[in-house]
Amino acid sequence: MIDTKTNITQTIIDSLSTSGNKVSFMPDASVLDAVRFLEEKGIPNAKHEEYKYCNLEAVFRRDFKSISNQFSSQLGVAGHKLAGCINLVLVNGTYHAELSDKAEGITVSTLHEADKAILAKHLSRYADVNADAFVAMNTAFCSSGLFIHIRGVAEKPIHILNVISANGISLVNPRQLIIAEKNAEATLIESFISEGDAPAVFHNHLTEIFVDENAKIKSYRLQQEGSKVTQVNTTEAIVKRYGNYTTNTFTFGGSLVRNNLHVVLADDHGEAHLNGLFVTGGSQLVDNHTLVDHQKPNCESNELYKGIAKDKSTGIFNGKIFVRKDAQKTNAYQSSKNILLSDDATINTKPQLEIYADDVKCSHGTSTGKVDENALFYLKARGIGDASARRLLLQAFAQELIEKVEVEVLQERILYLFEKAL
Amino acid sequence: MITIKNLHASINGKEILRGINLEVKAGEVHAIMGPNGSGKSTLSSVLAGREDYEVTEGEVVFNGKDLLELSPEDRAREGIFLAFQYPVEIPGVSNINFLKTALNEIRAYKGQEEIPAKDFLALIKEKQKLVELDAKLANRSVNEGFSGGEKKRNEIFQMAVLEPKLAILDETDSGLDIDALRIVANGVNKLKTKDNATIVITHYQRLLDYIVPDFVHILYKGRIVKSGGKELALELEAKGYDDIKDQFEDATL
């Protein structure tokens, strides 16, 4: 019997090994471990507990048997930049300074050019190559990526515009390392768009972010790639004493989007706020996997995810809160609310609490339903038609997440994309 | 205005309305009274178009149109307004945005242009005064966190803005203290013209001290068993529903 699992993973490894860049900035040990992990475990399929509803091996077998990595030179990024922000443009995972705004007040470079001492201290320290196939794949085959170093208070929001521009079947592994030094403050926006007419693109994005003592990072992720793009987006955030990491993920595009968002509250009094909103349609699948790891006492985490699934689409939320033995006085809250707009749409939600400390406040809640019929009738009884009434209620449902966006131009864009997605 | 003939309606196969006949003309106020479970709220729900109810027999003609053929939103656009017994809380939808959407959809239905923002704000201001609704409430989410009295006042506020031809007040007095009751009733009275009509549905006579009806109908077991002038309400208040029950119980109707 042919072991198809090994085959597709090996095909990918071989293809990336011959065509990919040399990842000179990555520690050799990490690369070796990564390749070994990938070879041993393969790309996860539905048998893998963490990928039960998100069979990526099947995606690879269907769409990525041959990878050409043919990129298009046609670029129209201007319309996607955000006014008033420092726009940093990455094309197929490579930072293009000439397309980007001047980075005032922060240090921006490719990982090749980044400070070696900082890389040695942080790179591949938080994303564990022995834990996940996509971390391993990115670590072994990543592009030159992006390095951002924040000291002090960054006045303007930093907008990382990730453009995928491909004409052939492509697999890209962009890598980011973001360091917020002690007392640093910044707003980070990551947006994801695609162009070109590639039949399939796999975008395996990985960010390691270090939030040092008393640093505050507010981040937004806006995923609006085309219908041929599969994205796995892994974020590994480490939050030190009194640090605060807030992240809001808005997903409207892509054929399949899997977000692996892990936050480690590594020291006392850290805070993490994880929010997300998605609208899926057609046969889209959006899977938000979050993990908040409370390692030390007096930390707080809040999580609110909402989803709207239309047509035959699927939305998944799997949120784990881990409270370790040392993490007394932890406050951890989690909520996932979803609306199904069709009988063929699916929502899977799984909140998980693992608590090993005894003096903690933790709660989680999840609900999935249809549009509230009573509210719908109330609106109709005032003369509002069925379509506008539903739209009003869905806008109301999403409101509290859209309101969390503190950058006005971004909020407008998100509102526009949300309404378009309905 | 509205003619209801032999209206039968059921929910989950259980017949609640068993042949209602009623005619309401422009300029009139009708009160429909009855004990709990007599079908009062079913009647208002059926007229407003709630889909949980199935009309099995009869007809309702509203200004020449077959009302039962219309969707709930088209009934509202034609000029039916139901003041809910339990107004629904809709977090995230602002009262103002809700009313503006409603008003503009009604106007579009009538072939009118959208109301200019300035005129709309002036209208809101004027009508707020009518029901003594705090301006802050108008800006909040629809009924969210409103007290019982505020919710009812908000219903009348919406009615004032939308200017319906026929208003159906479903137990608008329930849960109101005497002050709130007076404010709500005042609002309704001020909105009364010779061209519109009101159906007041209530269990108690109390509200009818403030909104004085031209006709009173007593609903029992899904039928109007007795009709009269405003004195009928007082009679009912004095004797209670037991008298009605005794009178019509054995008739099995």
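Trainee: How do the residues that line the largest pocket divide into nonpolar, polar and charged?

Mentor: This is a predicted model, and in it the largest pocket holds about 600 Å³ of space. A total of 29 residues line this pocket, and those closest to its centre are A:Ala131, A:Asp132, A:Glu236, A:His262 and A:Leu291. Sorted by kind, the residues of the lining come to 13 nonpolar, 7 polar and 9 charged.

Trainee: Which element gives the largest share of the lining of the largest pocket?

Mentor: Several elements of chain A give two or more residues each to this lining, namely helix 2 (28-41), helix 5 (133-141), strand 11 (229-239), strand 13 (256-265), strand 15 (285-294) and strand 17 (314-323). The largest share amounts to 5 residues, and the element of chain A that supplies them is strand 13.

Trainee: Turning to chain B, what is its radius of gyration, and what would a compact globule have?

Mentor: Chain B has 9 helices and 12 strands, and its C-alpha atoms fill a box of roughly 60 × 40 × 35 Å along the principal axes. For 253 residues, a compact globule would have a radius of gyration near 18 Å, and the value for chain B agrees with this, because it is 18 Å.

Trainee: What percentage of the residues of chain B count as buried?

Mentor: The accessible surface of chain B comes to about 11300 Å², and 46% of that surface belongs to carbon and sulfur atoms. Among the contacts in chain B with a separation of 6 or more, 71% are between residues 24 or more positions apart. A residue counts as buried when its relative accessible area is under 20%, and of the 253 residues of chain B the share that does so is 55%.

Trainee: Is B:Asn143 buried or exposed?

Mentor: B:Asn143 has a positive phi of about 60 degrees although it is not a glycine. Its place is in the loop of chain B between strand 8 (141-142) and helix 6 (148-162). The relative accessible area of B:Asn143 is 0%, so this residue is buried.

Trainee: What is the relative accessible area of A:Asp311?

Mentor: A:Asp311 is a residue other than glycine with a positive phi, near 45 degrees, and it lies in the loop between strand 16 (300-309) and strand 17 of chain A. A:Asp311 is partly exposed because its relative accessible area is 39%.

Trainee: Which residues are in contact with B:Ser10, leaving aside its neighbours within four places in sequence?

Mentor: B:Ser10 is found in strand 1 (residues 2-11) of chain B, and it is buried, with a relative accessible area of 9%. Once the neighbours within four places in sequence are left aside, the residues in contact with B:Ser10 are B:Glu15, B:Ile16, B:Asp52, B:Tyr53, B:Glu54 and B:Thr56.

Trainee: How many Å apart in space are A:Asn338 and A:Lys370, C-alpha to C-alpha?

Mentor: A:Asn338 belongs to strand 18 (residues 330-340) of chain A, and at 5% relative accessibility it counts as buried. Leaving aside neighbours within four places in sequence, its contacts include A:Phe278, A:Lys306, A:Ile347, A:Gly369 and A:Phe397. A:Asn338 and A:Lys370 are 32 residues apart in sequence, while in space, from C-alpha to C-alpha, they are apart by 8.2 Å.

Key:
Residues are numbered from 1 along each chain as its sequence is written. Chains are lettered from A and ligands numbered from 1 in the order in which they are written. This is a predicted model: local features need pLDDT of at least 70, side-chain atom pairs count only at pLDDT 80 or more; totals for chains, interfaces and linings use all residues. Side-chain values use heavy atoms; hydrogens and water are left out. On a 1 Å grid over the protein atoms alone, a cavity is a set of points where a 1.4 Å probe fits but cannot get out, and a pocket is an open set with protein on both sides within 12 Å along at least five of seven lines; lining residues have an atom within 4 Å of a point. Grid points are joined across faces, edges and corners, and a volume is the space filled by probe spheres set on the points. Helices (H or I, at least four residues) and strands (E, at least two) are DSSP runs, numbered from the N terminus. Ala, Val, Leu, Ile, Met, Phe, Trp, Tyr, Cys and Pro count as nonpolar, Asp, Glu, Lys and Arg as charged, and the others, Gly among them, as polar. The radius of gyration is taken over C-alpha atoms; the globule rule is 2.2 Å times the number of residues to the power 0.38. Buried means under 20% relative accessible area, exposed over 50%, partly exposed in between (1.4 Å probe, protein chains only). Contact means heavy atoms within 4.5 Å. Accessible areas come from the Shrake-Rupley method with a 1.4 Å probe; for residues, only the protein chains shown count as cover.
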